[in-house]
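Me: I am new to this structure. Please pick out one part, take a close look at it, and walk me through it step by step.

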Amino acid sequence: MHCPHFDAGECRSCPLMGVPYGVQLADKEAAVRARLAEATDARTHWDAPAASAESGFRNKAKLVVTGTAAAPRLGILDPRQHPRHHDGTGVDLRDCGLYEDGMKAAFHAIAGAVTAAGLEPYDVAARTGELKNVIVTRSPDRELMVRFVLCSADRLEALRPEVPALREALAALGTPAAVVTANLHPEHVALPEGPEEVHLAGDATLRMELNGIGLRLRPQGFFQTNTDITRRLYATAAAWLADAAAEGGTPVERAWDLYCGVGGFAFHLARPVAEGGAGVAEAWGLEVSAEAIEAAREAAAELGVADRVRFTAGDATTALAAPDGTRPDAVVVNPPRRGIGAELAGRLEESGVPFVLYSSCNAATLATDLTAMPSYRVARAQVFDMFPQTGHAETLVLLTRR
Ligand SMILES: C[S@@+](CC[C@H](N)C(=O)[O-])C[C@H]1O[C@@H](n2cnc3c(N)ncnc32)[C@H](O)[C@@H]1O
């Protein structure tokens with residue numbers, strides 16, 4: 001795959017652009033295997049890496065808005081300038097090949113709404129203007145969540161009247177905006193969004209249906225960016241656990257999903273084995289984002305499993321802290337890049353939990369965490385190419401007791 005922005009040196013988001021996809025995938029698997037060399041052995045079963053489409057796979061766009069209200073650019077700040085001395089010039093990436101089908105046309109409609117509302121893009125150098133970013137997420141049903149990240153509430157009343165026309169335009173493109181919000185982000189910091197979300201139109205959540213399970217996503221909740229790979233990741237985790245439980249004759253009644261986001265792993269584990277799940281009777285998800293937990297609870301209610309798939313907002317590193325607490329039969333951990341850390345790894349090591357599924361976007365921290373859990377062995381492992389065109393990959397491992 002080739003990209004004019006990469007060739008021109010004006011976007012560095014895809015360092016592997018131009019490297020044949022098969023080579024990317026083989027290199028990633030080799031790199032992950034090398035990282036995990038000490039934690040794995042000859043008995044570890046490596047499933048073939050899960051390949052992604054090499055373009056059109058991204059369901060989420062975080063677009064920095066530059067230029068003017070009359071001619072906005074949606075993309076990134078020019079990476080050829082030093083961040084501290086940036087003059088605010090942007091590169092328009094509406095035609096970026098990573099985004100899913102239909103998103104590019106939606107970006108043009110959104111730019112039209114920016115112009116109609118007269119929203120001046122935020123100028124990072126002068127610290128003037130209002131609109132910082134536009135964040136768009138597309139569901140598998142082609143529905144969109146559109147979020148305008150504004151410096152303040154001052155221009156909300158200019159944006160609000162343009163939302164119905166934007167929704168009409170998006171619906172006509174076949175990508176209806178199920179959720180439209182404004183995110184208020186007053187600080188001058190590199191984070192893409194701020195703490196306050198103002199609902200402008202549509203529903204409170206976007207429906208993300210994966211493998212027949214209707215997940216729910218709120219504006220500030222995390223969702224994996226490659227829908228097809230995510231679908232396979234969740235299904236694989238459930239299948240491995242079901243297989244391991246059947247092989248070992250170890251029933252898996254209770255599972256915990258730590259760092260659960262909107263509950264993707266928990267819902268898949270709680271499905272009957274005959275439907276591709278792990279047949280877990282009770283699942284419990286723990287996640288720091290209250291918004292994600294609300295969305296997970298909503299999905300549980302809608303799926304009719306709220307009595308046995310429960311969610312709590314809280315810190316996953318403190319899970320398994322109570323010495324006399326209930327012990328699950330399986331734990332899924334899917335932390336951010338920093339990994340689960342020594343504290344939770346130590347608790348899992350001590351816990352006696354028979355099965356751990358660790359889904360990691362950083363093989364380096366995965367390797368470190370595994371060294372802190374020596375009584376587990378990596379029974380099964382697979383690389384999932386969540387991030388084509390980059391050196392990053394998701395790795396799923398199934399840990400069983402030695
Ligand atoms: C890689 S995401 C995984 C989310 C989810 N498992 C999924 O498949 O979408 C990591 C999640 O960990 C959450 N998180 C970060 N630190 C946490 C902590 N200390 N305790 C609980 N959740 C945390 C983030 O909010 C984010 O939702």
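Reply: The model itself is predicted.

Five residues of domain 1 and eight residues of domain 2 take part in the contact.

Now look closely at that contact. Domain 1 and domain 2 bury about 460 Å² between them. Carbon and sulfur atoms give 53% of this area. On the side of domain 1, three residues stand out: His-5, Ala-8 and Thr-227. Together they supply 71% of the area that domain 1 buries against domain 2, more than any other three residues.

What about polar links? One residue pair is in polar contact between domain 1 and domain 2, with both residues at pLDDT 80 or more. The touching side of domain 1 has one nonpolar residue, three polar residues and one charged residue. Salt bridges between domain 1 and domain 2 number zero.

Around the ligand sit 16 residues. The closest are Tyr-234, Glu-287, Ala-316, Asn-334 and Arg-338. By type, the shell holds nine nonpolar, four polar and three charged residues.

Some of the ligand's atoms can be followed one by one. A ligand nitrogen lies 2.8 Å from a polar backbone atom of Ala-316. A nitrogen of the ligand is also 2.8 Å from a side-chain N or O atom of Asn-334. An oxygen of the ligand lies 3.0 Å from a side-chain N or O atom of Gln-224. On its own, the ligand has 590 Å² of accessible area, and the protein covers 88% of it.

Definitions and conventions: Residues are numbered from 1 along each chain as its sequence is written. This is a predicted model: local features need pLDDT of at least 70, side-chain atom pairs count only at pLDDT 80 or more; totals for chains, interfaces and linings use all residues. Side-chain values use heavy atoms; hydrogens and water are left out. Contact means heavy atoms within 4.5 Å. Buried area is the accessible area (1.4 Å probe) that two parts lose on being put together, summed over both. A salt bridge is a side-chain nitrogen of Lys or Arg within 4 Å of a carboxyl oxygen of Asp or Glu. A polar contact is a pair of N or O atoms within 3.5 Å; within protein, one must be able to donate a hydrogen and the other to accept it, and residues adjacent in sequence count only if both atoms are side-chain atoms. Ala, Val, Leu, Ile, Met, Phe, Trp, Tyr, Cys and Pro count as nonpolar, Asp, Glu, Lys and Arg as charged, and the others, Gly among them, as polar. A residue is near a molecule or strand if one of its heavy atoms lies within 4 Å of it. Accessible areas come from the Shrake-Rupley method with a 1.4 Å probe; for residues, only the protein chains shown count as cover.
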